[in-house]
Amino acid sequence: MYHSKISGLGYYVPENVVTNDDLSKIMETNDEWIQERTGIKERRHVVKGDGDTTTTMGVKAAKIAIERAGIDKEDIDFIIFATLSPDYYFPGPGVLVQRDLGMKKTVGALDVRNQCSGFIYALSVADQFIKTGMYKNILIIGSELHSTGLDMTTRGRGVSVIFGDGAGAAVLTREEDITKGILSTHLHSEGQYAEELALIAPGMGKRWVTDIITENNPDDESYYPYMNGQFVFKNAVVRFSEVIMEGLNANNLKVADIDMLIPHQANLRISQFIQQKFGLSDDQVYNNIMKYGNTTAASVPIALTEAWENGKIKEGDTVVLAAFGSGFTWGSAIIKW
């Protein structure tokens, strides 16, 4: 039995910065209102025509991660791509990454649809493949292009001010020292609350394509994300706490053993609540939602990469990743760096 370790990290965000003041010019909102509720100051949005898609952003992040892992793209044995905003309804972006990287190997490619928890789920799947000896190097990507699917009017401001575009990637590699790498992952779901944070259409479960075409109703809000904000917040703070403690307990660790907590960047107020509850210092928690907004499946790998680049994670550190989101789904990963 092997362990798996993160051998390379990378991220990419579009150059276009959209501030809260920019949003106030197209909807009834302001910087104070947004920061008070979310902690967000700005986010990145793809500009139409610049060529960025969910896949291309993922590829850009992946190239950095592969280079930092010290391997060649042909050393990748498997690809796992987490996103809620694929380029196409099908096929998924995993195969597009294999194509756009120019890989000669016909490796397997898996798409994960677990929204904000997507990267944690992808990491867990990759970890199992490597632990069993099936694969040696797995490329994991979390990438989102939200801005083209948001209601950028006053009607949609409660959701639209939160989300941003970007991608993060990691290379997971076989590690023979079982005291290092990913110690454990923990995954959960509670589908009874699926519609509390959801994008209903275009879905094939409740409508026909002919209906979608003929209706063409500008007042149909099912094409935009819906979020019961207070309900999601209340559930998130509970599940974050539970799944972090589950991971620590599984490894006989205490809160004091956490060197770095990387929470999904859903809302700065959620992260601050968890930090205060666990009594963690600012040096033990990394947040960047202020700059990028909520990038869903990309948020954990972007934040993890930034924290590592800034020297906040070093060899031997206990790193905790945690996420909660649509589904509801949530999860954690305990890593010995």
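Student: In which sense do β4 and β6 pair, and over how many bridges?

Tutor: Two strands count as paired if DSSP finds at least two bridges between them. Here β4 and β6 run parallel and share 5 bridges; in β6, Ile138 is the bridge partner of Phe78. The model is predicted, so local features need pLDDT of at least 70 and side-chain atom pairs pLDDT 80 or more, while totals for chains, interfaces and linings use all residues. Residues are numbered from 1 along each chain as its sequence is written, and side-chain values use heavy atoms, without hydrogens and water.

Student: How are the names of strands and helices assigned?

Tutor: They are DSSP runs numbered from the N terminus: helices are H or I with at least four residues, and strands are E with at least two.

Student: Which strand is joined to β4 by 5 bridges and runs parallel to it, apart from β6?

Tutor: That strand is β5 (residues 108-112). Phe81 stands opposite Asp111 in β5. Between β4 and β5 the chain passes through α4, and this β-α-β crossover is right-handed: with the strands pointing away from the viewer, the path from the first strand over the helix to the second runs clockwise.

Student: Which way do the side chains of β4 point?

Tutor: In a regular strand the side chains alternate between the two faces of the sheet. From β4, Phe78, Ile80 and Ala82 point one way, whereas Ile79 and Phe81 point the other way. All are buried, a term for under 20% relative accessible area, with exposed meaning over 50% and partly exposed in between (1.4 Å probe, protein chains only). Because 5 of the 5 residues of β4 are buried, β4 is largely enclosed by the rest of the structure.

Student: How is the length of a helix read, for example that of α3?

Tutor: The expected span is 1.5 Å times one less than the number of residues. Helix α3 (residues 54-69) has 16 residues and reaches 22 Å from its first C-alpha to its last, close to the expected 22 Å. Its buried residues include Met57, Val59 and Ile66, and the buried residues of α3 pack against β1, β4, α4, β6 and β7. Just after α3, Gly70 has a positive phi of about 75°.

Student: What is a nonpolar core, and how many residues has the largest one?

Tutor: In soluble globular proteins, nonpolar side chains tend to be buried together. A core is a set of buried Ala, Val, Leu, Ile, Met, Phe, Trp, Tyr and Cys residues joined through side-chain atoms within 4.5 Å. The largest has 34 residues, and those with the most contacts inside it are Ile262, Leu304, Val319 and Leu321. Helix α5 (residues 118-131) supplies the largest share of this core, 7 residues. At least three residues come from each of domain 1 and domain 2.

Terms used:
Contact = heavy atoms within 4.5 Å. Domains from an automatic or database assignment.
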